[in-house]
Each structure stands twice: as structure tokens, then as C-alpha cells.
Amino acid sequence: METVTITMKNAPALYLEADTISPDAFAGKNAAQIAELPAFEGNVPTTLGKYFEISGTAGATAADTKIVVKGDVKKVKYLGFKMSAGELVIEGSTDLYVGAWMTGGKILAKGDVAAFAGLAMKGGELTIEGNAGNYLGAAYRGDWRGMSGGKILVRGNAGSDIGMYMTGGEIVVNGNVDVHAMTHAEGGKLLVKGNAKSKLGGQMVKGEVIIFGSIDTMMPGFKPVGEVALEVEGTRAMFSHFIGDMGERHPKRKGETVYANLYKKI
């Protein structure tokens with residue numbers, strides 16, 4: 001695997017939309033060609049070379065390409081946008097849409113990421129060592145297609161509306177999550193090792209939520225159905241089991257109604 005290192009040299013005055021910072025866009029290019037890739041500062045067309053010092057040559061394909069992003073990229077959006085393969089390492093914190101619509105490959109963000117990370121994600125792995133903003137693994141606003149595959153791991157906390165309209169894949173949050181997690185979900189799995197706030201699983205039809213900590217207020221549409229022993233990531237414990245959201249219409253499989261499952265550690 002070939003490595004390209006890009007280092008911020010000229011921080012943008014406005015936010016920089018850099019959806020070309022991905023193994024797919026870099027593949028087959030040398031440093032000079034990568035510097036000419038397009039970007040937008042606000043609504044002004046520009047190139048990556050205006051903002052980044054670029055070293056190294058990309059691999060022949062996305063799968064053969066690793067990108068390391070250095071410097072202050074807190075005002076850079078769309079890192080890893082629609083990437084299908086390869087690796088992307090972001091050494092600090094960054095702005096919106098990290099890994100949005102990604103279908104494969106690996107992203108490691110060593111700082112915090114802002115809202116809409118892993119938006120409508122279909123595959124691959126997104127690891128966030130800091131905190132994640134709102135709408136993690138969710139659908140784009142006005143759309144109903146959220147995360148459908150892949151895995152997101154957040155070592156810190158996550159914001160509100162994570163997993164909204166999720167249909168598949170897995171989100172693991174080692175810290176706490178804010179309100180409206182898994183709203184409208186029709187599949188997928190959310191594991192929270194910390195606490196969850198209110199509106200958890202609102203209008204959820206299918207899928208699974210596992211909470212290790214507290215839930216501020218349980219949605220009235222979730223019905224307790226007993227207790228169950230689960231082994232989750234090497235930890236075996238007893239959980240209270242709820243099904244819901246009972247206020248929604250649910251599909252049937254082999255004559256039995258399919259509900260979303262919510263488990264809270266006892």
C-alpha cells in the first residue's frame with residue numbers, strides 16, 4: 001500500500017469542501033496531480049494544493065492507497081467522501097461529513113468529528129477516537145436511507161439523532177449518546193456502553209439497541225417482556241428486554257410480528 005501525506009499549510013478562511021480527499025480520488029496520481037484536484041472554499045472553486053503540502057504517490061487503485069491528513073483540519077468537510085477502499089487517517093479533529101456515503105475501506109479519525117459522519121454509510125469501518133457530533137450514521141436530511149452496512153466505533157461520546165433511519169450495520173459508542181438515537185430505524189444495531197438520553201428508539205420498527213448505562217426516559221412505546229442474559233463484546237450480563245415501538249406498524253415474518261429489540265443492562 002502506498003501512502004500520501006497531506007499537511008495543512010494554509011488554513012481556509014471559510015470552510016473547505018474537500019470531497020476529493022479520498023483513496024478513490026487519489027488513486028493513480030502523484031503529488032502534483034493530487035494538488036490539482038478540485039475543492040471549494042465557500043462557493044469559490046479552488047484546488048487542494050492551495051491549502052495542503054502533499055508528499056508521496058498514491059497506489060494504482062483505491063485499495064492500494066493510504067492517506068494521512070496532518071495539521072488543523074477543523075474547517076475541512078467531506079474527508080473520505082464516498083470512499084470504497086483503502087485507508088484514511090485523520091490525525092486531528094475535523095468538520096462535517098467524514099466518511100459520508102462510504103462503501104468500503106477504513107477511516108481512523110484521531111480527534112473529534114462534527115455532524116453527519118458515516119452518513120448513509122453502506123460498508124467499511126469508521127473509527128473515531130474522540131467524540132462524534134449529531135446525525136452519526138443517519139440519513140441525509142429529507143431522505144429515509146440511513147446507514148445500511150459497515151461499522152462505526154466512537155471511543156468518546158456521540159450527539160443526537162445517531163442511527164436515524166438506520167437499516168443495517170453497527171454503531172458502537174463507548175461513551176454517552178444524546179437524544180433521538182435510532183429514530184425511525186428499520187434495522188441495524190446500536191451499542192452504547194455509557195448512558196442514553198430520552199427519545200431512544202422513537203418510531204423504531206426493526207433493529208437492536210443495547211444500553212449498558214442509564215436511559216433518562218424510556219419511550220412509552222417500548223414494552224417490557226422479561227430479562228435475558230447476553231454476551232456483548234466479551235461481557236456477559238443480565239439485561240431487561242423491551243420490544244417496540246408499539247405505536248408503529250411492524251412487518252410479519254412466518255406469521256409472527258417483528259419488533260425492534262431494546263436491551264438495558266440490569
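Trainee: Which residue does the side chain of glutamate 208 meet in a salt bridge?
Mentor: Good place to start, and keep in mind that this is a predicted model. A salt bridge needs a side-chain nitrogen of Lys or Arg within 4 Å of a carboxyl oxygen of Asp or Glu. Here the N to O distance is 4.0 Å, and the partner of glutamate 208 is lysine 189.

Trainee: How many residues apart in sequence are the parts that this pair ties together?
Mentor: Glutamate 208 lies in strand 14, residues 206–211. Lysine 189 lies in strand 13, residues 186–192, so the pair ties together parts separated in sequence by 19 residues.

Trainee: What is the N to O distance between arginine 145 and aspartate 143?
Mentor: Arginine 145 is partly exposed at 48%, and aspartate 143 is partly exposed at 21%. Their side chains meet in a salt bridge, with an N to O distance of 3.2 Å.

Trainee: Where does lysine 74 fall, buried or exposed?
Mentor: Aspartate 72 is partly exposed at 45%. The cut-off for exposed is over 50%. Lysine 74 has a relative accessible area of 52%, so lysine 74 is exposed.

Trainee: How many salt bridges does the count come to?
Mentor: By the 4 Å rule, the count comes to five.

Definitions and conventions
Residues numbered from 1 in each chain as written. Predicted model: local features only at pLDDT ≥ 70, side-chain atom pairs only at ≥ 80, totals over all residues. Heavy atoms only, no water. Buried < 20%, exposed > 50% of the residue type's maximum accessible area, 1.4 Å probe, protein only. Helix = DSSP H or I, 4+ residues; strand = E, 2+ residues; numbered from the N terminus.
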